[in-house]
Amino acid sequence: MLDRHLAATIDLHAQVKQAHWNVRGPTFIALHELFGKVADAVEEYSDTIAERAGALGGAAEGTIHIAVEHSFLHRYRLGIADAEAHIAAVTAALATFGESARNAIDERATFGDADTSDVFTEISRGVDQQLWLVKSHRQP
């Protein structure tokens, strides 16, 4: 379960960086900076997940090849530059990851693994914060 979420955070980081590098339009600078900050936060989530795997005696499998094979996120559509399209894509990816993190909280608690459940609670809070920030840039 940790490796699956590690793969997804690596994918999520790459997707947010894709938006960061390619967003265009009158809101470029605000979104470019926001996506950079979101990518930094997501990178921290991957470190937290990988370190938890190590603490449990496992190994973190975090290569790009593993991420491609095991991420549960939808592929990021390439070739878009429109700010609204990037906001929609990043919002969808964050929401999908956030839902899975919330499910992991309950799953780990069911197995009596309160510490891993707590890790996912922390990540879920962070993802919700990032999602709120990105969604706030949607046009009415």
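A polar contact is a pair of N or O atoms within 3.5 Å; within protein, one must be able to donate a hydrogen and the other to accept it, and residues adjacent in sequence count only if both atoms are side-chain atoms. This is a predicted model, where local features need pLDDT of at least 70 and side-chain atom pairs count only at pLDDT 80 or more, while totals for chains, interfaces and linings use all residues. Residues are numbered from 1 along each chain as its sequence is written, and side-chain values use heavy atoms, with hydrogens and water left out.

**Exercise 1.** Find the place of His20 and describe its surroundings.

Step 1: Look in helix α1, residues 2-22, for His20. (Helices are DSSP runs of H or I with at least four residues, numbered from the N terminus.)

Step 2: His20 has a relative accessible area of 11%, so it is buried (buried means under 20%, exposed over 50%, partly exposed in between, with a 1.4 Å probe and protein chains only).

Step 3: Now follow the side chain of His20: it reaches the backbone oxygen of His32 at 2.7 Å. A polar atom of this His20 side chain also lies 3.3 Å from the backbone nitrogen of Gly36.

Step 4: Leaving aside neighbours within four places in sequence, His20 is in contact with His32, Phe35 and Gly36 (contact means heavy atoms within 4.5 Å).

**Exercise 2.** Which residues of the largest nonpolar core touch the most other members?

Step 1: Recall that a nonpolar core is a set of buried Ala, Val, Leu, Ile, Met, Phe, Trp, Tyr and Cys residues joined through side-chain atoms within 4.5 Å.

Step 2: Among the 38 residues of this core, those touching the most other members are Leu12, Phe35, Val90, Leu94, Phe97 and Val134.

Step 3: Helices α1, α2 (28-55), α4 (83-110) and α5 (114-135) each supply at least two core residues, and α2 gives the most, with 10.

**Exercise 3.** What kind of aromatic pair do Phe72 and Phe97 form?

Step 1: A search of the whole structure finds 1 aromatic pair. (Rings of Phe, Tyr and Trp, with its six-membered ring, pair if their centres lie within 6.5 Å; planes under 30 degrees apart count as stacked, over 60 as edge-to-face and the rest as tilted.)

Step 2: The ring centres of Phe72 and Phe97 are 6.1 Å apart and the planes are at 10°, so this pair is stacked.

Step 3: Phe72 sits in the loop between α3 (64-70) and α4, and Phe97 in helix α4, so the pair ties together parts 25 residues apart in sequence.

Step 4: Phe72 is partly exposed at 24% relative accessible area, whereas Phe97 is buried at 0%.
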